[in-house]
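Thank you for making the time this morning.

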Amino acid sequence: MGEQARATLRVAMIGYGFMGAAHSQAWRTAPRVFDLPRAVEMSVIVGRNEDAVQAAASKWGWREAATDWREVVARDDIDVVDIVTPGHSHDEIAIAALEAGKHVLCEKPLANTVEDADRMAAAARGSGAIAMLGFTYRRVPALTRARDLIAQGRIGAVQQVRAAYRQDWLVDPEAPLSWRLQKDQAGAGALGDIGGHAVDLVQFLTDQQVTTVSGVVDTIVKRRPVETERIGIAGRGGDEYGDVTVDDVAIFTGRLEGGALAAFEATRFATGRKNELTVEISGEKGAIAFNLENMNELHVYDRTTPDTDQGFTRIIVTEPGHPYLEGWWPTGHMLGYEHAFSHQVKDLVEAIAAGTVPTPTFDEGAQVQRVLAAVEESSAADARWITI
Ligand SMILES: NC(=O)c1ccc[n+]([C@@H]2O[C@H](COP(=O)([O-])OP(=O)(O)OC[C@H]3O[C@@H](n4cnc5c(N)ncnc54)[C@H](O)[C@@H]3O)[C@@H](O)[C@H]2O)c1
């Protein structure tokens, strides 16, 4: 192994909100749980507010805090740039980092527009560095196992798919107008934020792309109280209201390459549903069902057993032998939301060390953005079918 291959990977993370916390935990945990081929150093965390980013650095264990991401991504002592800011900033940061020769981990959505996503994918292809997108649910062990079972033919040819990502945090009409509700920063609403996860997951599980879509998007509460940001705390500011410029709900149908229809729903108005991502793949020999709220479980149905014995079988995916479970706990000792982020770091570091291309690639991210843009186009055209 050469010096370069053995050297410590020095990471800079841009952003320090929800995903900043999740990624910090993963950068800290993955090297302690898995035998990674490269050591990791949490070098610099970057944000716009000096005091707040310094506080985040101390709390999460970053060596330095900085306020200028351009300066940081150009530094010689940084190897990996981890982007955990809102979607409108992803293209500029990722392209600058790739052009500076840094490996990039970028949160989803890849970008807010197809054009920006395509530019990022081109930059990744033209770079000698590794670029990976954060569709983290691909790294939930039960979903990795589901993909393997489908690839092995356990449910036969896929005939129909249902995927829904349901939350309810906008049911309150006084919930503030955060960046997630503003098109210039978020790109889209439920469609782009959580609908993207549903599309990626269906494509990941079936290994088939969505080729055409028909759907509608809707905004239920059109004006909300403007948000003020105090250090580390976002809340409503006063009596000022502003326009919601993204969708609250998206309901669409997609056709997969193999011909199966897939029903998708993405909503922040599913009263009572906190973070329910459900996927059900129905095949000619069986079916597989998953719900993120019980994320260690797969429900598998096998039509080839005698009729009298048929029914969905609940499988707890914590058995040893699964590549993500080797570092964790004995079988049956459950994993949670944060573990998938550690698996993401594991896969990225292994790919960097091996010089292989990790998935999801930026090209895959751009393709998901195409599907989402086609849903918006369809909605604007009375749910006409749009080919991607
Ligand atoms: N993989 C997942 O499951 C998952 C889950 C949640 C969010 N996300 C994605 O992660 C990204 C961040 O979301 P979040 O929930 O952490 O948001 P957040 O609002 O909690 O945090 C965003 C952070 O970015 C910083 N920021 C904003 N604009 C910036 C700029 N121009 N330069 C530097 N910093 C800037 C903010 O100060 C904040 O620290 C989004 O793209 C979101 O879609 C992914």
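Predicted model: local features only at pLDDT ≥ 70, side-chain atom pairs only at ≥ 80, totals over all residues.

An N or O atom in the side chain of Trp179 is 2.7 Å from an oxygen atom of the ligand, and Gly17 brings a backbone N or O atom to 3.2 Å from a ligand oxygen. Of the 850 Å² of accessible area that the ligand has on its own, the protein covers 87%, where accessible areas come from the Shrake-Rupley method with a 1.4 Å probe and, for residues, only the protein chains shown count as cover.

Around the ligand there are 21 residues, and the closest are Phe18, Met19, Thr136, Trp179 and Arg180; a residue counts here if one of its heavy atoms lies within 4 Å of the ligand. By type, this shell divides into eight nonpolar, eight polar and five charged residues, with Ala, Val, Leu, Ile, Met, Phe, Trp, Tyr, Cys and Pro taken as nonpolar, Asp, Glu, Lys and Arg as charged, and the others, Gly among them, as polar. Two helices, α2 (18–33) and α9 (190–206), each supply at least two residues of the shell; helices (H or I, at least four residues) and strands (E, at least two) are DSSP runs, numbered from the N terminus.

Now to the domains. The chain is assigned domain 1 (3–135) and domain 2 (141–294 + 296–335 + 367–387), with bounds that come from an automatic or database domain assignment. To the contact between them, domain 1 gives 17 residues and domain 2 gives 21 residues, contact meaning heavy atoms within 4.5 Å. The centres of the two domains, taken over C-alpha atoms, are 25 Å apart, and each domain supplies at least three residues of the shell around the ligand.

Finally, some backbone details. Most residues other than glycine have a negative phi, and most peptide bonds are trans. Against that background, the peptide bond from Lys108 to Pro109 is cis, with omega near -10°, and Pro109 sits in the loop between β5 (103–107) and α6 (114–125). The bond from Thr359 to Pro360 is also cis, with omega near -5°. Asp382, although not a glycine, has a positive phi of about 55°, and its place is in the loop between α11 and β17 (386–387).

Terms used
Residues numbered from 1 in each chain as written. Heavy atoms only, no water. Polar contact = N/O pair within 3.5 Å; in protein donor to acceptor, adjacent residues only side chain to side chain.
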